[in-house]
Amino acid sequence: MAISDQSVTTGNGGSGEVCTAAAGENRPSHPNYIPNHIDNPSYVRILDTTLRDGEQAPGAAMTTEQKLDVARLLAHLGVDIIEAGFPCSSPESFNAAKAIAIDVGCHPVIAGGHVPVIGVVARSNKKDIDIAWDAVKHACHPRINTFIATSDIHMKHKLRMSKEVVVKTAVEMVAYARSLGCNDVAFAAEDAGRSDREFLHHVLNEVIKAGATTIIIPDTVGYNMPSEYANLIADIKLNTSGAIIATHCHNDLGFAAANTLAGAEAGARQLEVTINGIGERAGNAALEEVVMAIKCRKELLGLHTGIDTKYIVAASKMVAEFTGLYVQPHKAIVGVNAFAHESGIHQDGVLKYRGTYEIISPEDIGLSRSNESGIVLGKLSGRHALKARLLKLGHDVNGKELDDIFARFKEIAGTKKNFSDDDIEALVGNENDHLKTIWSLVDIQVIHGTIGFPTVTVKLISFDGDEKISCSTGEGVVDAAFKAVNNIVQVPVILKKYTNSAVEGIDALASTRVVISLDSNDIKTQNDRTFSGIGTGKDITVASVQAYLNALNKAMSLKNLSAKIIRA
Ligand SMILES: CC(=O)SCCNC(=O)CCNC(=O)[C@H](O)C(C)(C)COP(=O)(O)OP(=O)(O)OC[C@H]1O[C@@H](n2cnc3c(N)ncnc32)[C@H](O)[C@@H]1OP(=O)(O)O
Ligand SMILES: CC(C)C(=O)C(=O)O
């Protein structure tokens, strides 16, 4: 198989630093596609089975239009083979596979002319194979993947066939698929991971003789350990010849990607994967994990694929959206946390040199980001990260000023899960240094339920010792509480924003943020600046009143609107 002329800059020289690579490195040029041969011994074909095994995940069913969109994106990604479905399983599966064969399987969707092989699955019977061929035969490179189980447990309990019948059926059906005019027939020995080795070798050699061009060695139930699977593949490599060896690993014990890579190291040259690792039960090996491992550890594995990795994030998002199977935040490569750093020591390292804690460049999988993004501020963050965020927001703070803001940040961070830029802005305040607490909360009583009006009574004390009590009803308890405060403070303000985030748990803490502005109809303000306040506590109304007073005190002291001035 010829290699395209696209440049290769993959590899990190073993340093473990960020990997970078040119798009679509070494993608084979399809006119030279030979089903059972790859010129370059280090080239690994990627078969994506999102549209077949991926769709076997409960709830993952996609429409034909969605499958076409996924297939087009897979072509951009540069997968060598798109497994487009199991045509005999439903009219939709047939129509989608046929549409993909005619569309993506016939026309290059990307410059450079890559047209992927379009494969479909069929059981080892003539009806399945006829339907499969009907669906796929219009593709430029059509492939039928026929399968039958070879493990004792499957042959005895599921197929209820003897070994002899299984071999005979497999051989006849591979030959039958070839006789239809399909010159690219893959054979999968289902449950190979639990099959008797000698019998497996015998079946594989017989189907190769019958015309199989790829032999797929599925660890159907995700039972194998990486060393065991590597040994299985190495053994098959030793005992067969004339066909490409393929991996197909499931994730029941969490080893799908590890087993796939172990298989590749042992000699497999087709790796079967799905986007986001979706698939039957615990899923398949994830394309993004396998491909990025090959790219990132090229110096160790000595392999390469034709995948243009900058489409990985787009593909992940599309498949998640279409299937409703959203990826967990800490999913390798494509989880939202995969390039996020919340702890101070890591943030400091990343800010100084990304390679300290990142082995992949986010741009490599299609994420764009600035130097500071990826830094998430939270309870475990440090001064370096806070300072960087403040700088981004236009506040160049150092020394004691930074220490003070950091102390306030840590106080709030203990009870808050997410920090927005607004929250960080609220911490800044050279202004806070000369703020006066004009009014503080002494007591609060809340009455609410299914009868009557929400009613709140507050007792406030002013900085000069004046105590006031006021009571108000409202739309809810927070509204009633703010109205009761207004009755005492009497500063005309507009409530701009009220947010409340609860920290989960039975003894949940409420963290409330209030943003107000002075009402310019009543008080002349130089500009329409806002004042924010934060309150935290076990009681949401108390936290809200504290946040509100906090904002009011800021507004009053900065505008010199003391309690006495207002009263006068
Ligand atoms: C490991 C894998 O992922 S294999 C792919 C699994 N994917 C799917 O099953 C999804 C699509 N499947 C379907 O839509 C349906 O199962 C169909 C249309 C294929 C078949 O439906 P039905 O004819 O009603 O059969 P059903 O699914 O209930 O049972 C499977 C039959 O196929 C037989 N069978 C299973 N695998 C094979 C095989 N590789 N070759 C030949 N026959 C097989 C079973 O022994 C059983 O036969 P039986 O009816 O004589 O007992
Ligand atoms: C049909 C084969 C490849 C399969 O999906 C499996 O064994 O898991």
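Visitor: How many of the residues in the shell around ligand 1 are nonpolar, how many polar and how many charged?

Guide: In this predicted model, the shell around ligand 1 divides into five nonpolar, five polar and five charged residues.

Visitor: Which of the 15 residues around ligand 1 come nearest, and which elements each supply at least two residues of the shell?

Guide: Phe86, Ser89, Arg123, Ser124 and Ile148 come nearest. At least two residues of the shell come from β4 (142-149), and at least two from α4 (152-159).

Visitor: How is the pairing of individual strands to be followed?

Guide: Strands of a sheet pair through backbone hydrogen bonds, in either a parallel or an antiparallel sense. Here, strand β2 (residues 81-83) runs parallel to β3 and is joined to it by three bridges, with Ile82 opposite Ile118 in β3. On to the next pair: β3 and β4 are parallel over six bridges, and Ile118 has Pro142 as its bridge partner in β4. Further along, strand β5 (residues 185-190) pairs in the parallel sense with strand β6 (residues 212-219) over four bridges, and Ala188 stands opposite Ile216 in β6.

Visitor: Why is strand β3 described as largely enclosed by the rest of the structure?

Guide: Burial is judged by how many other C-beta atoms lie within 10 Å of a residue's own, with 20 or more counting as buried. Six of the seven residues of strand β3 (residues 117-123) are buried, so this strand is largely enclosed by the rest of the structure. For the protein chain as a whole, buried residues make up 45% of the 568 residues.

Visitor: Where are the nonpolar cores, and which residues have the most contacts inside the largest one?

Guide: Nonpolar side chains tend to be buried together in soluble globular proteins. In this model, the largest nonpolar core has 109 residues, and Phe187, Ile215 and Val290 have the most contacts inside it. Another core lies apart from it, with 44 residues, including Val456, Leu518, Ile540 and Ala543.

Visitor: Which residues does Phe187 touch, leaving aside those up to four places away in sequence?

Guide: Phe187 touches Thr146, Phe147, Ala170, Val174, Val207, Ala212, Ile215 and Ile216. Across the protein chain, among contacts with a separation of 6 or more, 68% are between residues 24 or more positions apart.

Methods: Residues are numbered from 1 along each chain as its sequence is written. Chains are lettered from A and ligands numbered from 1 in the order in which they are written. This is a predicted model: local features need pLDDT of at least 70, side-chain atom pairs count only at pLDDT 80 or more; totals for chains, interfaces and linings use all residues. A residue is near a molecule or strand if its C-beta atom, placed from the backbone, lies within 6 Å of it. Ala, Val, Leu, Ile, Met, Phe, Trp, Tyr, Cys and Pro count as nonpolar, Asp, Glu, Lys and Arg as charged, and the others, Gly among them, as polar. A residue is buried if 20 or more other C-beta atoms lie within 10 Å of its own, exposed if 12 or fewer, and partly exposed in between; C-beta atoms are placed from the backbone. Two residues are in contact if their C-beta atoms, placed from the backbone, lie within 7 Å. A nonpolar core is a set of buried Ala, Val, Leu, Ile, Met, Phe, Trp, Tyr and Cys residues joined through C-beta atoms within 7 Å. Two strands pair if DSSP finds at least two bridges between them.
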